[in-house]
Every structure is written in structure tokens, then in C-alpha cells.
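Here are a few friendly notes to read beside the model. Take them one at a time, and keep the structure open as you go.

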Amino acid sequence: MAQNVTINGVAYSNVPSVEIPLTSDLSQTAKFYDTSDATLSAGGQMLNGYTAYSNGTKYTGSITSKAAETYTPTTSDQTISSGVYLSGAQTVKGDANLVASNILSGVSIFGVAGSLTLPTISQDGVTKVLSIS
Amino acid sequence: MAQNIELLGATYNDVPAVDLPKSGGGTARFMDVTDTTAAASNVASGYYFYTSSGVKTQGSASLATATVSGTVLTLTNGFPVSV
């Protein structure tokens with residue numbers, strides 16, 4: 001951004017930065033910037049370890065990075081936290097065998113309702129259902 | 001960071017910022033930003049900051065991209081939810 005400032009009674013308009021000679025070398029200058037128009041306002045908006053100025057304040061990032069990981073579905077949920085940055089691919093495995101015909105009727109796995117029915121046999125006029133145990 | 005500067009013959013050490021009177025009243029603060037490390041890809045999309053070279057920059061780190069290949073779901077670089 002830029003500011004309208006007055007130094008020693010002289011007005012200067014639209015001043016984005018100020019250069020002042022360095023003590024160590026008067027031919028060199030240190031440059032100071034007006035950062036009032038920046039909108040970064042919390043470490044949680046920047047990756048962990050990085051720093052930046054915004055509106056006169058120095059911020060240090062606090063968002064952790066999550067490296068690549070592969071998730072194999074299991075009997076409990078696996079959650080990727082909302083407060084991280086995915087720096088590597090997060091891969092959720094699938095399985096082509098997850099189809100209705102491979103799941104017992106009445107059972108649902110990951111939303112796939114099973115259609116597999118157990119075979120029946122008749123012996124001596126009595127029908128029996130085979131069970132899996 | 002802070003700088004050692006000379007102003008009107010006087011030396012000032014470890015100066016992190018310079019406050020100047022605004023023409024309309026109040027004070028404008030000018031910062032030494034040389035010690036920072038962030039680049040656009042390190043800051044969440046939509047937020048502005050100043051780099052170590054004094055350039056106003058917009059963050060570009062955005063939501064992760066989801067792709068499905070066959071039976072495999074993959075999330076790649078980005079945030080799982082908005083920051």
C-alpha cells in the first residue's frame with residue numbers, strides 16, 4: 001500500500017516504502033515497507049516454519065504438512081485432519097472385488113448392499129440352507 | 001528483522017520499523033521485512049502478505065485436488081478443507 005506522510009513539515013503522497021541509510025555503509029539503504037494492506041492475519045493461514053509480514057505484524061506459519069500416505073479401508077474410520085496441508089498424495093485404496101455379488105445378502109459394506117445368497121440343498125425331502133462358518 | 005540505520009546524523013540500532021506521521025493524522029508504520037521466508041505457495045489462497053523483498057503477494061495454497069482412477073481415490077497437494 002502507500003501512505004500520505006509528513007516529514008519535517010513536508011507532505012509526501014502515496015509513499016509505499018521508506019529508505020534510510022545503513023550505519024555500516026551510508027551508500028546502502030535499509031528499506032521499510034508499509035504492509036497495512038495485507039490480509040494475512042494468523043499463523044494458521046500459512047505453512048509451518050514460514051514467516052511473512054502483514055499489516056505491521058510478523059507471522060509465523062503453523063499449518064503442518066502431511067506427507068504422502070496410503071489408506072487401506074478397514075473396520076474403523078481413518079480421518080485426514082482438516083488442519084493440515086497435504087504435501088503428498090493421499091491415496092485411498094479401492095478393491096474391484098467390492099461388488100454386490102461378493103457380499104452376502106443382507107450385509108452392506110461401504111454402501112454396497114450384498115446380493116449373494118447361500119445355496120440350498122435338499123436331502124431326503126428336507127431343504128437345508130448351507131451356512132458359512 | 002531489524003536494521004542499524006543513520007538518520008540526520010544519529011545512529012539507531014536494531015530498528016524493526018519506522019513510524020511516520022500521516023498527513024491526515026495518526027501514524028504510518030513501515031516495516032523491515034527482509035527476514036521473512038514465505039512464498040505464495042506457502043500461504044493459503046486469498047490472503048495477502050509481503051515477501052522478504054517487499055513485494056505484496058497473494059497466497060496460492062488452495063484446496064486439495066481429488067481424482068479417481070479405477071477404484072483408487074487420490075487427494076493431491078492442498079488443504080482438505082478451506083483455511
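1. Let's begin with a term: two strands pair if DSSP finds at least two bridges between them. Keep in mind that this is a predicted model. In chain A, strand 13 (residues 120-123) and strand 14 (residues 126-129) pair in the antiparallel sense, over four bridges. If you look for A:Ile121, you will find A:Lys128 of strand 14 of chain A standing opposite.

2. Stay with these two strands for a moment. Strand 13 and strand 14 of chain A make a hairpin, with two residues between them. In the turn sits A:Asp124, whose phi is positive, at about 55 degrees.

3. Strand pairing also crosses from one chain to the other. Strand 10 of chain A (residues 90-92) is joined to strand 8 of chain B by three bridges, and these strands run antiparallel. Here A:Val92 has B:Leu73 of strand 8 of chain B opposite.

4. How many residues does each chain bring to the contact? Chain B gives 53 residues and chain A gives 56. The area buried between the two chains comes to about 4,400 Å², and carbon and sulfur atoms give 61% of that area. On the side of chain B, the residues that lose the most area to chain A are B:Phe30, B:Met31 and B:Tyr50, which together make up 15% of what that side buries.

5. Now for the polar side of the interface. Between chain B and chain A, 26 residue pairs are in polar contact, with both residues at pLDDT 80 or more. The rule also finds two salt bridges across the interface. A salt bridge joins A:Asp37 to B:Lys56, with the closest N and O atoms 2.9 Å apart.

6. Which strands of chain B each supply at least two residues of the side that touches chain A? They are strand 1 (3-7), strand 2 (10-15), strand 3 (17-21), strand 4 (27-31), strand 5 (48-50) and strand 8 (72-76). Sorted by class, that side of chain B has 30 nonpolar, 17 polar and six charged residues.

7. Last, step back to the domains. The domain assignment of chain A gives domain 1 (3-60) and domain 2 (66-129), and their C-alpha centres lie 56 Å apart. For chain B, the assignment gives domain 1 (1-31) and domain 2 (36-62), with C-alpha centres 24 Å apart.

Conventions: Residues are numbered from 1 along each chain as its sequence is written. Chains are lettered from A and ligands numbered from 1 in the order in which they are written. This is a predicted model: local features need pLDDT of at least 70, side-chain atom pairs count only at pLDDT 80 or more; totals for chains, interfaces and linings use all residues. Side-chain values use heavy atoms; hydrogens and water are left out. Domain bounds come from an automatic or database domain assignment. Contact means heavy atoms within 4.5 Å. Buried area is the accessible area (1.4 Å probe) that two parts lose on being put together, summed over both. A salt bridge is a side-chain nitrogen of Lys or Arg within 4 Å of a carboxyl oxygen of Asp or Glu. A polar contact is a pair of N or O atoms within 3.5 Å; within protein, one must be able to donate a hydrogen and the other to accept it, and residues adjacent in sequence count only if both atoms are side-chain atoms. Ala, Val, Leu, Ile, Met, Phe, Trp, Tyr, Cys and Pro count as nonpolar, Asp, Glu, Lys and Arg as charged, and the others, Gly among them, as polar.
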